[in-house]
Amino acid sequence: MLDSADHSDRIAEILEAHQHLEGPLLPILHAVQAAFGHVPQSVLPQIAKALNLSKAEVHGVVTFYHDFREAPAGRHVLKLCRAEACQAMGADRVAGAVKAALGIDWHETTPDGRVTLEPVFCLGLCACGPAAMVDGRLIGRCDVSVVEEVAV
Amino acid sequence: MKVYVPLDSAAVALGADAVATAILTEAARRGVEVEVIRNGSRGMVWLEPLVEVLTEAGRMGIGPMTVADVPALFGSAARHPKALGLVDELPWMRGQTRLTFARVGVVDPLSLDDYRAHGGLAGLDRAKAMSKAEIVAEVTASGLRGRGGAGFPTGIKWKTVSEAPGDRKYIVCNADEGDSATFADRMLMEGDPFTLIEGMAIAGLACGATKGFVYIRSEYPVAIRVMEAAVVIARSAGILGPQFDMEIRVGAGAYVCGEETSLLNSLEGKRGIVRAKPPLPALEGFMGKPTVVNNVISLASIPVILAKGAAFYQNFGHGKSRGTIPLQIAGNVARGGLYECAFGLTLGEIVDGIAGGTATGRPVKAVQVGGPLGAYHPRKDFNTPFGYEDFAGQGGLIGHAGLTVFDDSADMLAQARFAMEFCAIESCGKCTPCRIGAVRGTETIDRIARGDADAIPLLTDLCNTMKSGSLCALGGFTPYPVMSALTHFPDDFAPAREAAE
């Protein structure tokens, strides 16, 4: 759990950097996730207190958005587009092969903690699908060989 | 030697970064001085990475480039095995009317000098000499309608905000381009960010707003980076400042935040739940203040309207759809990408002509127009001209002008099911027809797939409920893809039923 003084200090820095914004909660949560790899439950009271919100309100925001994770992801995050333009180019087939190759389903992480597989609905690469994103890097016209990108 | 290598996401996804690095490495090895400019994309995605070399005759296009093709660049560009000809002379470019996208792919996206040299800031300069009412009147006269999909006249929206009482007003740019088959916002932000900034600054003048936000989806890392850099440059050049300043905000993966009231809640740091209207955001928007919420393309079309006049822009188009529209041609197509032209081309001219049919070479079965909430059109709709009213008349919509082409291997029952599944995943949960309807819709389509014919009228009834009872377009328009699939492709809903009988 992230409850050490270090983490509390880091959260305080993030709050300090963003609190002046109009509607600062999303930028704060993005910064927390960038710093810790996820948004730990343990930091919510500190954020709530600083923004004069209830812990439930902050929890509600965190859980509304697909991007924010409550637990750390695998070492790699592989996102495959599931939207229509990629479907038209065989995205469902690619996704099935990737799931089989990794032995996991959507939103799961391989037992060795190597890779988390997530669906994404559109990367704006609709004329060169199927599209994928590996640790933030974009890949067009991908096939099952995309698993090699997350092999190590 | 001056070389252009796109920084556009599509080019990068197809290897542009590696090509750019290889060009620099090869140049160093040969001792050749080379200037690599990372431009936006020209929109010919099937040719990406499309590298351009500046020659005496003009910019020679070479693509699709791989690292292995790099050494040959250092000979005569025109004789490169992948040379395509001068980019401006290619049929895809010559057929277009590029008003909003005039500079995309042409300029260095983060060079303000380049922007000025290509006509940038002329619109803002003209607007500064006009009254608020005059700017609003110019935009109204241009006939510009919301390019996000709703098609509401931009000038009317601005007039409401401009005349609304308020100590503080906002311009919010909706860059939460979540519809599959759409990437015009992304390409514009990556390839010509100052156009959007100029459009927002003009909106600020017209409405008396002092603050602007661009809400960009997190799935667009390149667009976020370019826009953030452009805002810093524009601020240091005095284009942005105390009179009107801007901030880039990043979404968090919720499709529904492309709906304007949901976007405003998200921007305020809340769950992206849809708000009931009224009150209109124009009167009570961000933080309860009068707010313009416009799509990227709407705002990015403002500079050319101000620079060249409303009549110039209004002169293009068809019926009540005035000006140009950046078509985004996607899915299973031979030639996919962005093609800006006046409204009025028929669906067939776009799909069979410009796009050249499918990538697989098989017959086109269906074209989904307007993203995941748009209808699936069969070939019999191919004579429909591209315009707001024309597609509404065919039981569809043009949305944000994305077209997804499917070949004859597509299973339309599966596409209908996906539409319901997507709605269930992305529903904000506020209204019942969307929250519950989408889940029941998925189940009902599964019943049809299992051969239960009684489920078809049930699905039709459910779609009517969702259409008339949902609070926003997510639940309200999901019936478009579902019902169009059922209506136009009944065979895909029938075999299982017949088998069961």
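Which strands of chain B does helix α9 (residues 193-207) lie across? Helix α9 of chain B lies across β6, β7, β8 and β9 of chain B, running at about 145° to β6(B). Bear in mind as you look around that this is a predicted model.

- Chain B has an open sheet of four strands, ordered β8-β7-β6-β9, with parallel pairing.
- Its edge strands are β8 (245-250) and β9 (291-295) of chain B, each of which pairs on one side only.
- On average, and ignoring direction, neighbouring strands of this sheet are turned by 20° against each other.
- Helix α8 (residues 184-191) of chain B packs on the sheet, where it touches β6, β7 and β9 of chain B. The direction of α8 makes about 115° with that of β6(B).
- Six bridges join strand β6 (residues 170-175) and strand β7 (residues 211-216) of chain B in the parallel sense.

**Salt bridges**

- Over all chains, the structure holds 40 salt bridges.
- One of the pairs to look at is Arg186(B) with Asp8(B), whose side chains meet in a salt bridge at 3.1 Å, N to O.
- Arg186(B) belongs to helix α8 of chain B and Asp8(B) to the loop between β1 (2-4) and α1 (9-13) of chain B, so this pair ties together parts that are 178 residues apart in sequence.

**Helix α17 with helix α21**

- Helix α17 (residues 412-426) and helix α21 (residues 479-488) of chain B have axes that come within 8 Å and cross at roughly 165°.
- That angle makes α17(B) roughly antiparallel to α21(B), and their crossing is left-handed.
- From α17(B), the contact uses Met412(B), Ala416(B), Ala419(B) and Met420(B), while α21(B) supplies Pro481(B), Val482(B) and Ala485(B).
- Sorted by class, this contact of α17(B) with α21(B) has seven nonpolar residues, no polar and no charged ones.

**Helix α17 with helix α18**

- Helix α18 (residues 432-449) of chain B packs with α17(B) at an angle of about 155°, their axes 8 Å apart.
- The two helices α17(B) and α18(B) are therefore roughly antiparallel to each other, and α17(B) passes α18(B) in a left-handed crossing.
- Residues of α17(B) in this contact include Leu413(B), Arg417(B) and Glu421(B), and those of α18(B) include Gly437(B), Thr442(B) and Asp446(B).
- The contact of α17(B) with α18(B) divides into 11 nonpolar, three polar and three charged residues.

Definitions and conventions. Residues are numbered from 1 along each chain as its sequence is written. Chains are lettered from A and ligands numbered from 1 in the order in which they are written. This is a predicted model: local features need pLDDT of at least 70, side-chain atom pairs count only at pLDDT 80 or more; totals for chains, interfaces and linings use all residues. Side-chain values use heavy atoms; hydrogens and water are left out. Two strands pair if DSSP finds at least two bridges between them. Axes are lines fitted to C-alpha atoms, for helices over the stretch in contact, and angles run from 0 to 180 degrees between N-to-C directions. Contact means heavy atoms within 4.5 Å. Angles under 35 degrees count as roughly parallel, over 145 as roughly antiparallel, 65 to 115 as roughly perpendicular and the rest as oblique. A crossing is left-handed if the near helix is turned anticlockwise from the far one by less than a right angle, and right-handed if clockwise. Ala, Val, Leu, Ile, Met, Phe, Trp, Tyr, Cys and Pro count as nonpolar, Asp, Glu, Lys and Arg as charged, and the others, Gly among them, as polar. A salt bridge is a side-chain nitrogen of Lys or Arg within 4 Å of a carboxyl oxygen of Asp or Glu.
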